[in-house]
Amino acid sequence: MYQLYGKIGESMGILTFTGQVLKNLVSKPVTTSYPEKPAVYPERSRGHIEIDIDECISCGLCTRGCPPRCLKVNKVEGTWTINRFDCIACGYCVQRCPKKCLHIVPGYQKPGPAKQETVYKKSPEVMAAEAAKRAEIAKKAAAAKKAREEALAKKKAEAAKKAAEEKQEIQ
Amino acid sequence: MGKKSIVPFGPQHPVLPEPIHLDLVLEDEIVTNVIPSIGFIHRGLESLTEKKDYFEMVYVAERTCGICSFGHGMGYCEAVEEVMDVEIPDRAKYLRTIWMELSRLHSHLLWLGLLADGFGFESLFYQSWRIRERILDLIELTTGGRVIFSVNKVGGVLKDITPDMLKHILTELDQVEADVRVIEHTFLFDYSVQSRLKGVGVLSRKQVHMLGAVGPFARASGINIDMRSLGYEAYGDLDFEPIVSSDGDSYARCEVRIHEIYQSIDIIRQAISKIPEGELSVSVKGNVKGEHFVRIEQPRGEAIYYVKGTGKLYLDRLRIRTPTFANLPALVEMLKGCNYADVPILILTIDPCISCTER
């Protein structure tokens with residue numbers, strides 16, 4: 001029926017949209033009643049950044065490559081901080097992360113009255129393991145330093161001894 | 001001789017959602033002179049090159065404009081790749097072409113809706129945007145963003161379009177084409193629509209040429225200028241002819257854009273049928289040293305990207321010339337002699353984007 005109305009209208013050069021209007025009237029709505037009915041996002045949807053904080057090595061590459069500078073990394077405290085209200089969900093930090101512990105996942109940031117930061121902190125076990133690893137590295141470094149210093153002192157002593165011997169020979 | 005008066009138009013106006021201010025000098029209901037003023041939303045985007053390295057600048061460049069975001073990112077990447085002598089993989093070229101044409105489709109459908117809204121045809125406006133929604137869904141499916149794509153990088157693209165997605169794009173485009181055929185008839189043959197568009201805002205070929213207009217606006221006046229003919233990305237491998245009309249009025253501008261929708265659909269189909277397998281990007285090392293400028297065809301017309309680097313991580317200069325910047329002198333000329341009631345429609349026919357003009 002609506003096609004007939006449309007054809008009549010088109011032939012006259014007037015009411016050319018009548019057919020479509022009538023079709024729309026008898027069709028189901030195109031829109032959904034969001035937010036009562038949740039939106040369905042595709043798998044690739046760039047909603048927000050998530051982090052596997054225990055995988056993070058706090059290298060800070062993400063902070064240096066963030067266009068709006070919304071990321072902060074504290075290696076000592078083991079925290080990774082994001083200001084989601086400044087984040088533009090470009091995914092550049094995800095590209096740069098050497099440990100691939102950053103992910104961009106569907107679901108947009110909810111609005112809020114202030115720009116709040118979200119802080120992620122490493123678990124005590126990971127912190128303890130990292131501290132132990134750092135202590136071990138420091139111990140190794142100290143031992144290496146000591147060995148270097150001893151070698152240097154030995155070298156200096158030998159050089160002084162050699163110089164004294166040469167001086168004695170000349171006299 | 002009628003009474004002269006000056007009517008300020010914009011930067012806030014119910015019909016025109018673009019922050020341009022025009023002082024219209026009227027003689028009775030006829031516009032005799034136009035004094036434009038812009039600069040309300042300058043963002044200093046180009047000076048951000050001092051703070052963001054040339055990899056980060058991709059994300060800044062694509063935020064020049066909400067509608068042509070992909071083209072801005074692509075144009076910038078292309079300019080940097082030219083300076084650094086980087087040849088991107090063929091698959092990346094085809095993917096960029098597909099996304100660029102999806103971007104053109106959504107821009108033109110948005111414009112058709114705004115035009116319908118401009119002359120008060122609300123149901124046609126919603127119908128156009130309803131069709132556009134399918135394109136936005138395709139963009140979201142393939143890139144993850146509905147407006148800002150963020151898939152370009154210096155050296156290629158970040159994401160692939162899987163065979164399933166390509167198939168889905170083809171199915172959706174068939175539906176889009178069928179839907180556009182319905183609204184095309186109303187835009188081009190409806191009596192009331194014709195009465196608002198035909199013979200309104202006529203610019204001759206010579207005038208448009210002298211004033212340096214670009215894009216569909218220039219093509220509607222008979223100038224065969226389409227930067228895609230330069231063959232950048234995969235356009236060189238695809239078969240298409242610029243769409244040109246000779247009438248030079250608002251109706252011709254509408255007609256050109258509607259036919260460009262079909263052309264874009266055809267280009268995407270060709271690109272999907274020819275897309276080669278392969279890598280998505282090549283690794284880029286070193287810094288930008290030298291200068292280059294590229295021209296690409298954005299949905300609104302020719303855009304220019306000039307990049308200059310001195311071997312540092314940060315660029316020395318980035319200059320973007322957007323299509324609306326080139327079309328503004330022709331707009332001012334077009335408004336002279338028109339009826340006051342036609343001013344919003346005439347401004348809309350250049351498809352203005354003042355936000356990207358002011359960067």
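Let's start with one pairing in chain B: Pro8(B) has Asp23(B), in strand 2 of chain B, as its bridge partner. Strands here are DSSP runs of E with at least two residues, helices are DSSP runs of H or I with at least four, and both are numbered from the N terminus. This is a predicted model, where local features need pLDDT of at least 70, side-chain atom pairs count only at pLDDT 80 or more, and totals for chains, interfaces and linings use all residues. Residues are numbered from 1 along each chain as its sequence is written, while chains are lettered from A and ligands numbered from 1 in the order in which they are written.

Strands count as paired if DSSP finds at least two bridges between them.

| Strands of chain B | Sense | Bridges |
|---|---|---|
| Strand 1 (residues 4-9) and strand 2 (residues 21-27) | antiparallel | six bridges |
| Strand 2 and strand 3 (residues 30-37) | antiparallel | seven bridges |

In strand 3 of chain B, Ser37(B) sits opposite His21(B). Strands 2 and 3 of chain B make a hairpin with two residues between them, and Asp28(B) in that turn has a positive phi of about 55°.

Now for helix 3 of chain B. Its 29 residues reach 42 Å from first C-alpha to last, close to the 42 Å expected at 1.5 Å a residue (the expected span is 1.5 Å times one less than the number of residues). Buried means 20 or more other C-beta atoms within 10 Å of the residue's own, exposed means 12 or fewer, and partly exposed is in between, with C-beta atoms placed from the backbone. After helix 3 of chain B comes Gly120(B), with a positive phi near 85°.

The largest nonpolar core has 121 residues, and Cys93(A) and Val80(B) have the most contacts inside it. Such a core is a set of buried Ala, Val, Leu, Ile, Met, Phe, Trp, Tyr and Cys residues joined through C-beta atoms within 7 Å. Helix 3 (residues 90-118) of chain B gives the most to this core, with 13 residues.

Over in chain A, Glu50(A) lies in strand 1 (residues 48-51). Why does Glu50(A) count as partly exposed? Because Glu50(A) has 15 C-beta neighbours inside 10 Å. The C-alpha atoms of Glu50(A) and Ile82(A) are separated by 9.7 Å, though these residues are 32 apart along the chain.
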